[in-house]
Structure formats: structure tokens, C-alpha cells
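Open the model in your viewer and keep the selection panel at hand.

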Amino acid sequence: MNASAEPRTISRRWWLLLLLVPVIATLWVPWFAHVHPVLFGLPFFYWYLLAWAPGSVLCSAFVYFKTRDVI
Amino acid sequence: MHRSALIVFLLLVTGVSVLGFYAARWRRADLDQLHEWGLGGRRFGTWVTWFVLGGDIYTAYTFVALPALVFGAGAIGFFAMPYTIICYPLVFAVLPRLWRVAHRHSHITGADFVRDRYDSPLLGLLVAVTGILAVMPYIALQLVGIEVVLAGLGLPTRGWEGDLPLVIAFAALAAYTYASGLRAAALIAVVKDLLIYVTVIAAVIVIPIELGGFGKIFAAVPAAKVMLARPPAGSLGSYSAFATLALGSAVALFAYPHVLTATLSADSPRTVARNMAFLPAYTFALGLIALLGFMAVAAGVDKLPQFAGYFRQYSNNFAVPALFMKSFSGWFTGVAFAAIAIGALVPAAIMSIAASNLWTRNIYRQYLHPDCSGAQEARQAKRVSLVVKFGALVFAIALPTSYAINLQLLGSIWIIQTVPALAFGLYTRWFHRWALAVGWLAGMVLGTWMEALLRFKGTVYPLRLLGTVVPTYIAVTAVVVNIVVATALTLVFRALGIAAGTDRTAPADYRNAAARVGGDG
């Protein structure tokens, strides 16, 4: 066992917590269950949730590049 | 109109059937081995895995039923967005771990892993039976997607000649799945995705222009449908219903056998992780498809006389096909309908393979024919895949569609009951095998009972917690009870010293060997 590698591995795993951001952001309904501001004719509720699809990709991709050696 | 749509439709569907048979030669290997037939040899790279998982999760039933729900009920139908956004981050680190241990021990199903981890063929059997029960009505529901577009194409929908196109489509599907296994589904999934993207892009450009933009579309939708109702005093109302539907569906998703089959067919844990990172992109297309429900409201398709008969037969499930027929030219309607039909064939193939893998591994080989050879095992799985599809076909033809929908609702409540054994098992051996079995039973009974109390009219049960009414997705309530029971009984069984069995896996089997993590595994 390489003693110096261990703490680094564990600290890198903290990045996994970042995956909770899209989970909380799309489940806490009072934050986004309203009409305004409207964008391109879409009420906030809809474009907010649509925007989290690429938002979640960015978040997970970042975590992937930070943790791909340890997961 | 009907004629050009029908010709394009038939050309595309015939084309993918040819591709399905050709798939047996793709990355040629011995298809008389179960891991080759049923897992594509565990050799699918990042792209192919994307198409297989995407083909699995975003099914024809989704494309038809989700906009139908938005069309009929409005904003609550959009729970599918958080559902398919959060399902991937939730298992980002979990599935690579499952892949690793399954690869090390040649596991083909989730039930294989549970059996070895807990030294309990019974617990494996429970997981396998739950999987088969949950996936069967799901296959039958894919047929609903096909039925709706066949009707839209002007084919007869009643009597024996009405069932004939469906029987032909399923016979072809059964034949090439038998011959090529998961490879057929993988190749066809590529075509399916291309057709879906083309259709969705065309739909969200052409239809809003025709209807005068999203502003006008939403202005035409009743206000009560546009936004979730604000919860009344003393209740969390539609907010907790929306959030628990999304969370429960997301947690249940990766316990489904067809999703595990697709995951285990990847060539490495990194391929799995990459897909967990990038699959939410598909969800964007799903959101646009859901918005088609509002476009159908604005276009008033249910009030058009030419569609009245279809709506009577298929109710809201005809909203999207009607919208396509109204907005697209004949040949492009054919493309869009082929996208839906092929979108039914891919998951139906993978689901039937997953069900056969479970039967063969965790029932046939475990209990009926323990010393069968690899070739016998693969032959059994191939034959069972035929039986599964035939069963789904009889189900779809002989019983009203509402039965399949009810059973699918129950299916997702049932499948989540296998999550504690599967997911907790990947991280800890603390839970006792019999405690998990009793927890599973408690969750199954409670979930089914609550669903029966609602008379299958919905899946959200109003719980009363500390004086507040909390409408909660039944799957979430039932799995929480499952976990509480499993935890309490584990303490009891350990105190009584009841044998916990021998773990056949080792901590190193779960780890990334290069990562050098100590202790926790």
C-alpha cells in the first residue's frame, strides 16, 4: 500500500458530494414552482428544469474528471 | 397522407429488422454462451452503452404516455424531468462498483450478486422474481406505443386483423432477439436514437412556429395545468407528490433488470461512469417531448373531428400521434411514427433478455438444473426470451390496456423493494440476509395494499405525519418501511446469533485496484 496515495484518494472522493447539487436543486419544489420570469414564452418552472439537464451533465462531468481514478 | 406515411414507416421498421439479424455477426463471438448472448460479451464501449441505456430508459411508452400525462394533467407530468436528471448522479459511483464485482464473479444479473454477497439463493430468488414481475407488464406497455401509431397509420385496430401487424412486429422482434441477443438491441438502438432526435428537433421547431410560439402555446393552456397547485394549509399538496414521484422513480430505475443488463454489458467501470455523467443530456430531449403535451392542448387535437374516434379508443395516448399527423407531412409522419415503434422494439428486446437472464441464472440453474453446461444455459435463456415476448403479446391483446398500466405502476413499487439488498449490499455486509428478506416482504405487501386502497387510480398516497398531510409516492413510503424493518431485524437476528452465511465476495472485488483505497472497500 502506497501510504501517500491514500489520503489523496479519500479527499478526491469528497467531489462526489457535488452530485447532490442537481438532486436538491430539482427536488426542492418551492424554489421553482412559479411562472415568472418567463423565457422564450416558457414559464420559469419549465425552463428551470430543462436547464438542469445540461446543468447536471456539467456537474457530473466535472466530478468524473476529478474522480475517474478512484471510483 | 396515410399511404406515404405507411410506406416510410414500413421501410424503416423492415430495415431495423434486417439490422437485428445482421447483429449476430457484429463483433462475432460464440452466442452459445450466456454472457455473449445476454450481455453482448461485456464489450460495449462508451457510445454503444449510451445507446443501449438510452434505448432502455427512454422508451416508446415514455414518448407516448409522458406527453399524454402533461396533456391531461399538466405540470405534475413534468416530474419526469427531475426523475431523469437525478437518477444518474444518484448511481454515479454505485454502478461502477456493481460492474466491478459482477465482472470479477461472472455475475450476469443483480440477483447473482445478491446471492453471492449474502450466501442466500433465496434472497437471489426474491430479487429475480421481483425483476421478472416488474418487467413483464413493462414489455406489454411497449406494445401500447406500437398499437397507437399503427392505428394512426390507418391500419385496422379491431378484430384479428387488427392484432395481425402487432403479431408480425413481435414475431420479427422475437426472431432476431433469439438469434442475436443484446447485440441486436444495441445496433437498433442507434437507429432509434437518430430517428428520435430528428423527430424531436423537427417537432420543437415546426410545431411552435405553426402555433405562434411558446408564449401563445402556454396562453392556450388552462392556468391550473400550467403550474403545480400551491399546497393548501396543513398539507404539502402537489409539491411533495412531485418530489417523491421523481425521487422514487429515480431510485427504482437502476434496480430494473433491463437497466442492470445494459450496465453490465459495458466494457469497463469508466464506461459506466461516463454514461452516468452524460446521459442527463438525453433528458433535455425528454423535456421537449413532454412539452409536446401542451402543444397538443394548444392545437386542440382532441377536438378535431378526424381524431375523435382515436381519442375514444386510446384516450390521451393519442395526443402526440394526433399532433404529428396534424403538423407533419405524410412521409415525415412516417418517420416520426417509426421512431416511436422502433423506440418500443429496443426496450422490449432488452427487457425480454433481462427477464430470461434472471430466469436462467437464478431459477433454472439455481433450482432446476444446477449442473447445466454453458451452452444449455444460453439455449434456455434464448427460449425463455421467446416465452416472455409471447406472454407480453397475449397480455396486450387479451387484456384491457388499463391492466398493463396498473401492473406497471405496481412494478415500479415492487422493484424498489430490491434496492436495499442490491445497493446497500455494494457498500456493507452489515444487513442480515433474513432481515432483508422480511423487509422486502413488508415493502411488497404495504406497497401493494396502498395501491389497492387507491384502486389503481394513482400512485400518490396522502400520508398523515405530525398533523400535516404529505402526499407521497407509494414506492417511497414502502421502501422506507422496508429499510426500517431490515435494520431492526438485523439487530435482532445478530443478537440471536442466527447464521449470516459466508460472503463469496472480497473487499478487493469492489475496488478500483489502481486507486489503493484501504479499509472501506
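## Stop 1: a serine at the contact

Select A:Ser56: leaving out residues up to four places away in sequence, this serine touches A:Pro22, B:Ile85, B:Pro89 and B:Pro280. Contact here means heavy atoms within 4.5 Å. A:Ser56 sits in helix α3 of chain A. Helices are DSSP runs of H or I with at least four residues, strands are runs of E with at least two, and both are numbered from the N terminus. Is A:Ser56 buried or exposed? Its relative accessibility is 0%, so A:Ser56 counts as buried. The cut-offs are under 20% relative accessible area for buried, over 50% for exposed, and partly exposed in between (1.4 Å probe, protein chains only).

Two notes on conventions. This is a predicted model, in which local features need pLDDT of at least 70 and side-chain atom pairs count only at pLDDT 80 or more, while totals for chains, interfaces and linings use all residues. Residues are numbered from 1 along each chain as its sequence is written, chains are lettered from A and ligands numbered from 1 in the order in which they are written, and side-chain values use heavy atoms, with hydrogens and water left out.

## Stop 2: the A–B interface

Now select both sides of the contact. Chain A gives 40 residues and chain B gives 44 residues. Together the chains bury about 3600 Å², with 76% of it on carbon and sulfur atoms. Buried area is the accessible area (1.4 Å probe) that two parts lose on being put together, summed over both.

Highlight A:Tyr46, A:Tyr64 and A:Ile71. These three supply 18% of the area that chain A buries against chain B, more than any other three residues.

How many salt bridges link chain A and chain B? The count is 0. A salt bridge would need a side-chain nitrogen of Lys or Arg within 4 Å of a carboxyl oxygen of Asp or Glu. There are 2 residue pairs in polar contact between the chains, both at pLDDT 80 or more. A polar contact is a pair of N or O atoms within 3.5 Å; within protein, one must be able to donate a hydrogen and the other to accept it, and residues adjacent in sequence count only if both atoms are side-chain atoms.

Colour chain A by helix. On the side that touches chain B, α1 (5–13), α2 (20–27) and α3 (44–67) of chain A each supply at least two residues. The largest share, 14 residues, comes from α3(A). By class, this side of chain A has 28 nonpolar, 8 polar and 4 charged residues. Ala, Val, Leu, Ile, Met, Phe, Trp, Tyr, Cys and Pro count as nonpolar, Asp, Glu, Lys and Arg as charged, and the others, Gly among them, as polar.

## Stop 3: the loop of chain A

Select A:Pro30, in the loop between α2 and α3 of chain A. A:Pro30 is partly exposed, at 45% relative accessible area. Draw a distance to A:Gly41, 11 residues along the chain: the C-alpha atoms are 21 Å apart.

## Stop 4: helix α6 of chain B

Move to B:Leu98, which lies in helix α6 (residues 94–104) of chain B. At 4% relative accessibility, B:Leu98 is buried. Beyond its neighbours within four places in sequence, B:Leu98 contacts B:Phe113, B:Leu260, B:Leu264 and B:Leu426. The C-alpha atom of B:Leu422, 324 residues apart along the chain, is 8.9 Å from that of B:Leu98.

Of the 11 residues of α6(B), 9 are buried, so the helix is largely enclosed by the rest of the structure. The cover over the buried residues includes α5 (80–91), α7 (110–118), α14 (257–264), α15 (269–278) and α22 (419–427) of chain B. After α6(B) comes B:Ser106, with a positive phi near 55°.

Now pick B:Tyr427 in helix α22 of chain B. B:Tyr427 is partly exposed, at 41%. Setting aside residues up to four places away in sequence, B:Tyr427 touches B:Ala93, B:Val94, B:Arg97 and B:Arg117.

## Stop 5: the hairpin and its serine

Select strand β1 (residues 460–465) of chain B. With β2(B), this strand runs antiparallel, joined by 6 bridges. Strands pair if DSSP finds at least two bridges between them. B:Pro462 stands opposite B:Pro471 in β2(B). The two strands form a hairpin with 2 residues between them, and B:Leu466 in the turn has a positive phi of about 50°. In β2 (residues 468–473) of chain B, 5 of the 6 residues are buried, so the strand is largely enclosed by the rest of the structure.

Finish on B:Ser235, in the loop between α12 (223–226) and α13 (237–253) of chain B. B:Ser235 is buried, at 16% relative accessible area. A polar atom of its side chain lies 2.9 Å from the backbone nitrogen of B:Gly237. Not counting residues up to four places away in sequence, B:Ser235 touches B:Thr468, B:Val469 and B:Pro471.
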